[in-house]
Each structure stands twice: as structure tokens, then as C-alpha cells.
Amino acid sequence: MTLSDTEAQARTLGGYDDASRLRQVHDRDWVLDRVAGEPGVLVDLGSGIGQLLEAALLRHPSLRLAVGLERSQHRLDEAGERLRPFGGRVVLHRADLTAPAPLPYRADVVTMTSVLHWLYPVEHRVLGWVRDHLAPGGHFLLTTYHPQRDADGLGGEDDIVRDALGALGIPAGSVPGLLDDREVLPIATRTRPADVLAALLGEFFTLEETWEREAVVTVRDAAQYEHFHAATFGDYYASVLEPGLRSEFFRAVGRAAFARQKRRGRVSAMPVRLWKLTARTGTTA
Ligand SMILES: C[S@@+](CC[C@H](N)C(=O)[O-])C[C@H]1O[C@@H](n2cnc3c(N)ncnc32)[C@H](O)[C@@H]1O
């Protein structure tokens, strides 16, 4: 079977450099603006294609080590290319953050942007890892997304996917069951509410400060959203369908998103929270 361009893109989560301009990359400077002083070691969790590491290295000549942990080999390869000019100041590790292994670093700063929901429901593992890998006085800077969810636990990207599946003839009412059958957790279920997250974070960290912004996504056309979805979510949702329907599904996602924008002036808007945390000592959670 020949894959469409978008199916091939989704397999490798390709095109993120472009796609992330619509939403995720805005976290980068928002977070780095909160890095104080002259850090020596920074670790970025779910480091993607290395955009945050690159910006951190450019901002902070004091950084002798910038470490990225990431699951996707394609993304690590792209990050490796991007960060090549920084030579031995960069270390990239392939890692699964749902079961993070100990590393021989103590970081002045640990960052994690737009990743935590992928680690649900075992986020406590990475949070314990961060607490144990922060240098004394170090900070954990974390961004989390908080789409509204409905009674079925769907919201945010799930809503667009539900519209797209509807266009393929799948009734809206059967979408929660379809996702459940295929063990695809709705993103709005993965993203815990801010108060629940605050309690979880409190087991490992002391909260210094939080900030909030609204992430608003608008696109120039349906194709741009189709590209964004494939780069961000890959096959995650498409996997609920037979392979022969996936190419049409990606197109339908683009059309559904653009139709929403025509109705509401934007595809989506959701609160994003930035948490500045320090390790709690003497705790074992
Ligand atoms: C939305 S992207 C965010 C990338 C980057 N932090 C940013 O803000 O642009 C989520 C990233 O988390 C990575 N990821 C998801 N689950 C992971 C896991 N279990 N272990 C390591 N990385 C993971 C993905 O491969 C992807 O690069």
C-alpha cells in the first residue's frame, strides 16, 4: 500500500518545526524567560527536535551541559542536526519518560514543555525522577495544557477528531467507545485538571509561582491543520481506523478544524499553565 504524504509524515512525527509555530513553540521563550542566573546544567524532558535546548544554549553561555531526553528516534535525529554546532555541550538520550532511568546529572534547571499529558497516568514516575535529579536550589519549569472536557472525558483535539470521524460516517455518540476499544485515551483525560495536578506536584515539589496564558490556534487553511495534527499527534488518533481510511481521516481533521475556525474565529483556545517548582527534600513519593 502506498502511504499518502500525511500518513508518512504522521509515522515519523515529521514537520514539527513548522507545525509547532502554531502552538507549542510559544512555551519555549515563556519558560526560558524564567531561568535565573547562570545555569551550568539544563535537562529538557521530551526534548522533541531540540528547539528549547538550542534557545537555552544561545541565551546562556554558562551552560556547560544541555541534556535532552526524548522517545522518538526521528526527533532525536533532527535535534542532533540542529544542535551539532554546540558540540560537547549537548547530550541527547533516547528515553521513555514513563519509566525514566537514573542519569549521572544534577540539573540547575529541568524543563518539560507540552509533554506531561503523554505520561498519564504514571506522571509520578517522572516527577520523582526530576526531584532526584535537581541540584540544590535548582528549578523545574513545567508547562501543562488544560482543555475543557465533557462527560465522556473528551475535549481539545478530541473534539476536532470527533468531528472528523463524523465526516467519515462514525456517529459522534460512538466515538468515546471507539477510542476506548482501541485503547486511545482522550487527550482531555490525559491532561489532568490544574487543581488535581497541583496536588500531585505537591507530593514532590514546592510551588514557587505559576503563570497562565491562552494558547489560541488559527490556521490559513485546512491543509495547514492537517499538517499540524500529523506532526503533533502522529498516528495516535488515526490508529483507531483501518489503514485504508487514514489518509481520508487526516484530510477530514484539517477540514473539521478549518470549519471550526470559520464558525468561531479560531480552531481552538485553551489555558496553558507554567509551574516554577523546587524539589521537596526528605520525601519519598
Ligand atoms: C508535543 S511534543 C513537545 C516537544 C517539545 N517539548 C516542545 O515543547 O515543543 C511532545 C514530545 O514528547 C515526546 N514524548 C511523548 N511521550 C514520551 C515518553 N514516554 N518518553 C519520552 N518522550 C515522550 C514526544 O515524542 C514529543 O517529542
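Q: Which hand does the β-α-β unit of β1, helix α4 and β2 have?
A: β1, helix α4 (residues 51–59) and β2 form a right-handed β-α-β unit. Right-handed means that, with the strands pointing away from the viewer, the path from the first strand over the helix to the second runs clockwise. Helices (H or I, at least four residues) and strands (E, at least two) are DSSP runs, numbered from the N terminus.

Q: Before we go on, where do the values come from?
A: This is a predicted model, where local features need pLDDT of at least 70, side-chain atom pairs count only at pLDDT 80 or more, and totals for chains, interfaces and linings use all residues. Residues are numbered from 1 along each chain as its sequence is written, and side-chain values use heavy atoms, with hydrogens and water left out.

Q: OK. How many residues of β1 are buried?
A: In strand β1 (residues 41–45), 5 of its 5 residues are buried. Buried means under 20% relative accessible area, exposed over 50%, partly exposed in between (1.4 Å probe, protein chains only).

Q: And which way do they point from β1?
A: V41, V43 and L45 point one way, L42 and D44 the other, and all are buried. In a regular strand, side chains alternate between the two faces of the sheet.

Q: Which strands does β1 pair with?
A: β1 runs parallel to strand β2 (residues 65–70), with 5 bridges joining them. β1 also pairs in the parallel sense with strand β4 (residues 107–113), over 3 bridges. Two strands pair if DSSP finds at least two bridges between them. L42 has A66 of β2 as its bridge partner, and V43 has V110 of β4.

Q: New topic: what is the volume of the largest pocket?
A: About 900 Å³. A pocket is an open set of points on a 1 Å grid over the protein atoms alone, with protein on both sides within 12 Å along at least five of seven lines. Points are joined across faces, edges and corners, and the volume is the space filled by probe spheres set on them.

Q: What lines the largest pocket?
A: 41 residues line the largest pocket, and R75, S114, V115, W118 and T232 lie nearest its centre. A lining residue has an atom within 4 Å of a point. α11 gives the most to this lining, with 3 residues.

Q: How many cavities are there?
A: The count is 1 cavity of 30 Å³ or more. A cavity is a set of grid points where a 1.4 Å probe fits but cannot get out. The largest cavity holds about 80 Å³ of space. Among its 13 lining residues, L116, H117, T144, T191 and L197 are the closest to its centre.

Q: Now the rings. How many aromatic pairs are there?
A: The structure holds 8 aromatic pairs. One of them is W118 with Y236, edge-to-face at 5.0 Å centre to centre and 85° between the planes. Rings of Phe, Tyr and Trp (its six-membered ring) pair if their centres lie within 6.5 Å; planes under 30 degrees apart count as stacked, over 60 as edge-to-face and the rest as tilted.

Q: Why does the pair of W118 and Y236 tie together parts that are 118 residues apart in sequence?
A: Because W118 lies in the loop between β4 and α6 (123–133), while Y236 lies in the loop between α11 (222–233) and α12 (243–264).

Q: Are W118 and Y236 buried or partly exposed?
A: W118 is partly exposed, at 26% relative accessible area. Y236 counts as buried, at 17%.
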